[in-house]
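This briefing concerns a single protein chain. Please examine the sequence and the structure shown below before reading the notes that follow.

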Amino acid sequence: MTVMPPDHDGSAPPAPPSNASPLTAPPSSRPTRPWLLPVATGAAGVLIGAGLVAGITTLRADAKVRAEETAADEARAARATIVPDAVESCGVTGAEGIVVADEGRSLTFDMKGDDDLRGANITDVVCVFTALDMPSAVVSHMDQTTSMDGRQSESWGDLTVSWSYHPDRGLDGVLTVADD
């Protein structure tokens with residue numbers, strides 16, 4: 001005979017106690033992957049890091065290009081004032097035979113000759129050349145040019161000068177500032 005607990009009403013015997021807790025889910029039929037979350041997190045970190053590095057690199061490259069363009073623009077602007085500043089410092093702006101053109105990037109000089117009654121005075125042209133820091137070798141080359149030599153040219157820094165000489169026409173030429 002089976003002994004019933006005192007609070008039992010006589011019906012079927014109670015089910016034996018189970019070790020499973022009602023709060024615990026039954027074991028899943030899918031295998032667990034404990035490595036999945038760390039791998040996914042690592043992959044996401046790598047992708048985010050690569051994106052950040054690419055973005056920063058692009059921004060730095062863009063900033064460098066903009067800085068180089070700005071510096072080049074400033075250098076071009078400074079070169080464009082070299083000739084007008086030299087002419088102004090000599091007080092020969094608008095003087096006969098001295099013409100600044102091409103937005104300040106060229107200077108045409110047309111000096112008096114034996115047959116020319118009009119033209120630039122040699123002291124004015126020499127002043128402008130001195131203000132432009134023309135090397136003495138270039139000055140010497142100009143001084144030694146004869147009518148038989150044809151057109152001559154020399155360069156220094158960002159400047160190039162080409163000229164010809166004939167006693168009847170004088171020393172005539174063009175000085176230009178380099179574009180880049």
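Which pattern does the protein follow when read along the sequence? The pattern is α-β-β-α-α-β-β-β, and the secondary structure comes to three helices and five strands; helices (H or I, at least four residues) and strands (E, at least two) are DSSP runs numbered from the N terminus. This is a predicted model, in which local features need pLDDT of at least 70 and side-chain atom pairs count only at pLDDT 80 or more, while totals for chains, interfaces and linings use all residues. Residues are numbered from 1 along each chain as its sequence is written, and side-chain values use heavy atoms, with hydrogens and water left out.

- Of the 180 residues, 22% count as buried (buried is under 20% relative accessible area, exposed over 50%, partly exposed in between, with a 1.4 Å probe and protein chains only).
- The protein exposes about 12800 Å², of which carbon and sulfur atoms supply 59%; accessible areas come from the Shrake-Rupley method with a 1.4 Å probe, and for residues only the protein chains shown count as cover.
- Among the contacts (heavy atoms within 4.5 Å) with a separation of 6 or more, 42% are accounted for by residues 24 or more positions apart.

**Helix α2**
- Helix α2 spans residues 122–131, and its buried residues are Val125, Val128 and Phe129.
- These residues cover an arc of only 100 degrees around the axis, which puts them on the same side of α2; the arc is that of the directions from the helix axis to the C-beta atoms.
- An α-helix has 3.6 residues a turn, so residues three or four places apart point the same way.
- Thr123 and Thr130 are exposed on the other side of α2.
- At the N-terminal end, Asn121 caps α2, with a side-chain oxygen 2.9 Å from the backbone nitrogen of Thr123.

**Positive phi angles**
- Asp133 lies in the loop between α2 and α3 (136–143) and counts as exposed at 61% relative accessibility.
- Glu103 also is not a glycine and has a positive phi of about 55 degrees.
- The loop between β1 (98–101) and β2 (106–110) holds Glu103, which is exposed with a relative accessible area of 79%.

**Nonpolar surface patch**
- Trp35, Leu36 and Val39 form a nonpolar patch on the surface, with about 310 Å² of accessible area together.
- Patches are made of residues with over 30% relative accessible area and no salt bridge, with like charges joined within 9 Å and nonpolar side chains (Val, Leu, Ile, Met, Phe, Trp, Tyr) within 5 Å; a salt bridge is a side-chain nitrogen of Lys or Arg within 4 Å of a carboxyl oxygen of Asp or Glu.
- Leu36 is found in helix α1 (residues 36–89) and is partly exposed, with a relative accessible area of 43%.

Key:
A polar contact is a pair of N or O atoms within 3.5 Å; within protein, one must be able to donate a hydrogen and the other to accept it, and residues adjacent in sequence count only if both atoms are side-chain atoms.
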